[in-house]
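Here is a short briefing to read with the model open beside you.

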Amino acid sequence: SFDMKKYLIARTAIGSTLRMPLGDIPHVLAVHIFTDASAFVKDDCGGWAFTVLCQTCLSGSDEPDYVCVGVAAGEYHSYHHSLNYVGGDVLHSFTVELIALIWALSWAISATDRVNWYGLPLFYFHFDNQAAGQVAFEASNGPAEPQLCNITAGLAHILRNMAEIQGQHVP
């Protein structure tokens, strides 16, 4: 059955993530986004998250400063009536990591004009699922979920037209 309270809590969490307070952080050199996801196939559920850190040059030293801007997280189920469902029919770590990247890329697109950049806009994405990262940052075809792959690659393409982006696999 549909749980309106859980739905509203999830929508509020995503909405507040998209409004992370970026304008208060001066001299942003780069934004680092760390994604992660897990899949529990037996229970038909998974979870995704991303954390946003801004790299600044506030202290005047040679070492960069980092400011944690915020985090976002959500559940994933492979059925269409679950919260935050954006696609995918099979639950596995690749699918859920794509979901994390989709939300993170969406956030980055919305944040590009709200950051006080010290130079050109630059986003670093750090991920642990190499196949999902290759879909977003190397324009390769994924091993499954072609629709989610297209969404991920499309969002990366949009962001690439707005800022420099780099992906880094973190084992």
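Which residues are buried in α4? They are Leu148, Cys149, Thr152, Leu155, Ala156 and Leu159, where buried means under 20% relative accessible area, exposed over 50% and partly exposed in between (1.4 Å probe, protein chains only).

This is a predicted model, in which local features need pLDDT of at least 70 and side-chain atom pairs count only at pLDDT 80 or more, while totals for chains, interfaces and linings use all residues. Residues are numbered from 1 along each chain as its sequence is written, and side-chain values use heavy atoms, with hydrogens and water left out.

**Helix α4**

- Helices (H or I, at least four residues) and strands (E, at least two) are DSSP runs, numbered from the N terminus.

**The sheet**

- Five strands make an open sheet in the order β3-β2-β1-β4-β5, with mixed pairing; two strands pair if DSSP finds at least two bridges between them.
- β3 (65-76) and β5 stand at the edges with a single partner strand each, so one side of each has no neighbour in the sheet.
- Strand β1 (residues 28-40) pairs with strand β2 (residues 45-56) in the antiparallel sense, over twelve bridges.
- Within that pairing, Ile33 has Val52 in β2 as its bridge partner.
- Helix α2 packs on the sheet and touches β1, β2, β3 and β4, with contact meaning heavy atoms within 4.5 Å.

**Aromatic rings**

- Rings of Phe, Tyr and Trp (its six-membered ring) pair if their centres lie within 6.5 Å; planes under 30 degrees apart count as stacked, over 60 as edge-to-face and the rest as tilted.
- By this rule there are six aromatic pairs.
- One of them is stacked: the rings of Trp48 and Phe50 have centres 6.4 Å apart and planes at 15°.
- Trp48 counts as buried at 3% relative accessibility, and Phe50 counts as buried at 2%.
- Phe127 and Phe137 are stacked too, with ring centres 5.7 Å apart and planes at 10°.
- That pair links distant parts of the chain, with Phe127 in strand β4 and Phe137 in helix α3, ten residues apart.
- Both Phe127 and Phe137 are buried.
- Trp117, Phe123, Phe125, Phe127 and Phe137 form one aromatic cluster.

Conventions
Axes are lines fitted to C-alpha atoms, for helices over the stretch in contact, and angles run from 0 to 180 degrees between N-to-C directions.
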